[in-house]
Amino acid sequence: MTQPLLSVEDLTIRFNTDEGLVTAVDDVSFDIAQGEVMGLVGESGSGKSVTAKSIMRLNAGNTRYDPVSRIMINLPDRNVDVLALRRDRDLRVVRGGAVSMIFQEPMASFAPAITVGQQMVEQLLIHTSMSKAEARNLSIEMLDRVGIPDASKRFGQYAFEFSGGMRQRAMIAMALSTRPRLLIADEPTTALDVTIQAQVVDLMKDLVREFGMAILFITHDLGVIAQTADKVAVMYLGRIVEKGTVRQVIKTPAHPYTLGLINALPKLNDLEAELTPVPGDIPSPLDRPAGCVFHTRCPVAIKGRCSSEVPNYTALSGGREVACHLVEEQVKEGVSL
Amino acid sequence: MSRPVIEAVDLSVRYRIGSGLLGGRSYLNAVDRVSVSIGRGSFYGLVGESGSGKTTLGRALLRAAPITEGSVIYQDDEVRYDLRNLSAQDLKDYRKRAQLIFQDPYAALSPRMTVRDIIAEPLEVMGLTRSREETDARVREIAAKCRLNLEHLRRFPHAFSGGQRQRISIARALVSRPRFVVADESVAALDVSIQADVLNLLQAIQQEMGISFLFISHDLSVVAHVCDHVAVMYLGQLVETAPTAELFSRPRHPYTSALLSAIPSLDPDDQGNAEKLEGEIPSPTNPPPGCKFHTRCRFARDACRLETPALRELSAGHFAACHFAEEFDFRREHGHQTSPVNAGV
Ligand SMILES: Nc1ncnc2c1ncn2[C@@H]1O[C@H](COP(=O)(O)OP(=O)(O)O)[C@@H](O)[C@H]1O
Ligand SMILES: Nc1ncnc2c1ncn2[C@@H]1O[C@H](COP(=O)(O)OP(=O)(O)O)[C@@H](O)[C@H]1O
Ligand code: SF4
Ligand SMILES: [Mg+2]
Ligand SMILES: [Mg+2]
């Protein structure tokens with residue numbers, strides 16, 4: 001079997017804080033193949049951004065990776081053990097080289113004091129062997145490719161002179177100009193109007209086809225996942241509770257949390273349907289529930305067991321995995337899921 | 001529709017945005033000749049892209065944004081106010097009848113006050129209660145309606161989750177027993193699993209207390225579920241208003257139709273079917289002539305660039321402002337929309 005482009009194994013991330021050690025990501029594993037789009041969904045605070053940043057080693061100084069955690073980027077010429085990288089120049093491969101990232105707030109990607117073009121060129125000079133003139137040409141070509149009108153004029157402007165939608169496009173152009181193998185997109189459409197979101201989603205789909213890169217697409221919007229991703233992992237309080245193909249997870253959710261999320265969504269094809277909230281509130285990461293992290297809100301929790309025992313992943317058909325005691329029991333009893 | 005609680009006619013809110021170098025002034029019509037009638041007990045939705053003027057319209061109806069032109073009449077069983085002609089006394093009274101629920105509960109709540117004091121503040125500021133006992137009783141009553149208990153009232157807001165904080169700001173907005181409430185993006189900052197809870201709460205309260213709501217949201221699926229009427233706003237103007245089911249099943253304006261098809265479908269098999277709206281909303285400082293939507297409209301003809309289409313009633317309660325509203329058939333099927341029938345000019 002060929003190696004996946006990215007493999008995250010047993011990733012556990014704790015933060016050293018005034019209130020003690022806080023677990024933000026708990027034993028998370030997933031793979032992304034070359035050219036594959038994986039969605040990562042979950043509520044705010046579930047650990048999506050922390051997981052993403054660990055792939056680029058962008059987490060803050062108080063971060064503690066568990067010694068067993070491993071993140072591998074498997075490139076044609078070498079395999080990079082990301083958490084073992086130490087020197088700045090070794091880290092370049094995951095910071096704009098083989099891996100790039102785009103964010104919800106594009107201004108975070110742009111240095112305020114230099115033009116968009118200057119920044120794109122500088123980045124290309126660091127990560128490629130291009131000449132300045134080549135870098136300039138490619139940058140303008142990329143700005144044009146992402147649908148920015150009058151790209152050579154825009155090249156000489158500052159990000160604050162761009163409209164919101166154009167900034168988002170420029171950020172994508174910059175992230176892709178170095179031809180990364182993996183693009184991490186952290187809520188890139190969350191702050192946008194649906195109309196602009198649809199444009200950005202379309203653009204990203206086209207670019208995946210054209211560039212053949214893989215994407216880790218983080219969002220809390222299951223609709224966006226349904227429209228972009230091949231597979232999806234659902235996170236809750238630092239744990240992946242369910243992962244599988246988009247079709248499996250959205251059409252036949254198996255974990256009670258995934259099911260709860262989908263029932264809570266207002267759906268346009270049934271305006272009369274009641275909205276069913278997931279009961280209760282998300283616990284603070286400072287007091288993560290023992291056992292299954294979801295048991296405090298789970299309507300079908302098994303008394304005694306779910307509150308004390310951490311569920312293992314149960315494999316369902318088609319490669320789906322679900323961390324739930326009930327699912328495990330149902331599978332044992334021969335219920336087909 | 002029942003008698004209106006709010007009736008605006010040709011309402012405009014104009015802001016002066018700096019003066020030009022040569023002494024010329026420029027203006028921006030954040031709300032541009034809007035006529036809208038919100039029925040008593042209605043849950044009235046207002047949608048549109050950001051910058052379309054939703055917040056400004058909501059604030060003008062609360063007399064919290066300057067009304068430059070037009071009229072707004074507020075009426076309930078006790079009073080009738082012309083918002084452009086309110087005495088200081090009347091304005092004070094209007095403030096307790098018409099309230100705003102903020103978008104961001106974090107920003108809206110003072111960290112140093114207990115939840116009890118946060119909810120009680122409007123009562124004290126408006127002098128609505130005569131004793132601490134009376135204030136406490138009112139606070140407890142509204143807190144219970146918003147599913148906050150006595151234990152919660154003693155704590156500070158930072159100890160609460162997003163959903164609970166939003167319930168606190170709802171309780172604060174409702175404690176003066178308003179008749180008309182503007183909820184501006186009240187669930188936008190909440191996670192889906194919590195959002196449904198706050199929406200259900202707003203609906204229950206609306207029915208129980210008979211309040212009329214103007215529910216502003218950029219999320220059409222949310223509006224579809226909670227509102228009985230919807231108005232669609234674009235560059236300061238209403239382009240379509242209709243009963244909710246009607247608007248969603250038979251949009252009569254190309255903008256509404258485009259907004260609807262931009263919502264990402266939960267069905268992975270719908271991939272790529274949606275009709276995309278190109279470009280971005282133009283700046284209100286320099287709005288396009290004719291139909292303001294013509295620069296992005298795939299049905300635009302010459303007439304659209306020259307003449308402003310009137311907002312007119314197409315069927316009972318269904319209004320749209322498109323030159324071809326009578327001719328188009330925008331029925332949406334699986335994210336597709338059909339072409340205009342006989343739309344030549
Ligand atoms: N540097 C840090 N120190 C302490 N806690 C942190 C730090 N960075 C993130 N966290 C915490 O980790 C948890 C997960 O955060 P995040 O990954 O940003 O969530 P998401 O992206 O899913 O909304 C949160 O509780 C957050 O407060
Ligand atoms: N106080 C103000 N002064 C000048 N312009 C304003 C002011 N308030 C709003 N605007 C402008 O009016 C337009 C409508 O804004 P707003 O009502 O906030 O729209 P929405 O709520 O639909 O996003 C925007 O272009 C905004 O910049
Ligand atoms: S009036 Fe013309 S430009 Fe405006 S929405 Fe209708 S067809 Fe489009
Ligand atoms: Mg995040
Ligand atoms: Mg607004």
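Predicted model: local features only at pLDDT ≥ 70, side-chain atom pairs only at ≥ 80, totals over all residues.
A:Glu9 and A:Arg70 form a salt bridge in which the closest N and O atoms are 3.9 Å apart.

Side chains of opposite charge can pair when their charged atoms come close. Over all chains, the count comes to 38 salt bridges. One of them joins the side chains of B:Arg132 and B:Asp136, with 3.8 Å from N to O. Both residues lie in helix H5 (residues 132–145) of chain B, where B:Arg132 and B:Asp136 are four residues apart, about one turn of the helix. B:Arg132 is exposed, its relative accessible area being 51%, and this value can be set against the cut-off for exposed residues, which is over 50%.

Another salt bridge is formed by B:Arg305 with B:Asp302, and here the closest N and O atoms are 3.1 Å apart. Because B:Arg305 and B:Asp302 are three residues apart in helix H12 (residues 302–306) of chain B, they are separated by about one helical turn. B:Arg305 counts as partly exposed at 37% relative accessibility, whereas B:Asp302, at 57%, counts as exposed. Elsewhere in chain B, salt bridges that share partners join B:Asp76, B:Glu78, B:Asp93, B:Lys96 and B:Arg97 into one network.

## Aromatic pairs

Over all chains, the structure holds 12 aromatic pairs. In one of these, the ring centres of A:Tyr236 and A:Tyr257 are 4.7 Å apart and the ring planes stand at 55°, so the pair is tilted. This pair also links distant parts of the chain, with A:Tyr236 in strand S10 (residues 231–236) of chain A and A:Tyr257 in helix H10 (residues 256–264) of chain A, 21 residues apart.

## The surroundings of ligand 2

Ligand 2 is surrounded by 13 residues, of which B:Gly51, B:Gly53, B:Lys54, B:Thr55 and B:Thr56 are the closest. By class, this shell consists of five nonpolar, six polar and two charged residues. Oxygen atoms of the ligand are approached by a backbone N or O atom of B:Gly51 at 2.7 Å, by a polar side-chain atom of B:Thr55 at 2.8 Å and by a polar side-chain atom of B:Thr56 at 2.5 Å.

On its own, ligand 2 has 560 Å² of accessible area, and the protein covers 64% of it. The elements that give two or more residues to the shell are strand S1 (4–19), strand S2 (25–39) and helix H1 (54–61) of chain B, and the largest share, three residues, comes from H1(B).

Notes:
Residues numbered from 1 in each chain as written. Chains lettered and ligands numbered in written order. Heavy atoms only, no water. Near = heavy atom within 4 Å. Polar contact = N/O pair within 3.5 Å; in protein donor to acceptor, adjacent residues only side chain to side chain. Areas by Shrake-Rupley, 256 points an atom, 1.4 Å probe, with all protein chains shown as cover. Nonpolar A, V, L, I, M, F, W, Y, C, P; charged D, E, K, R; others polar. Salt bridge = Lys/Arg side-chain N within 4 Å of Asp/Glu carboxyl O. Buried < 20%, exposed > 50% of the residue type's maximum accessible area, 1.4 Å probe, protein only. Phe/Tyr/Trp six-rings, centres within 6.5 Å; stacked < 30°, edge-to-face > 60°.
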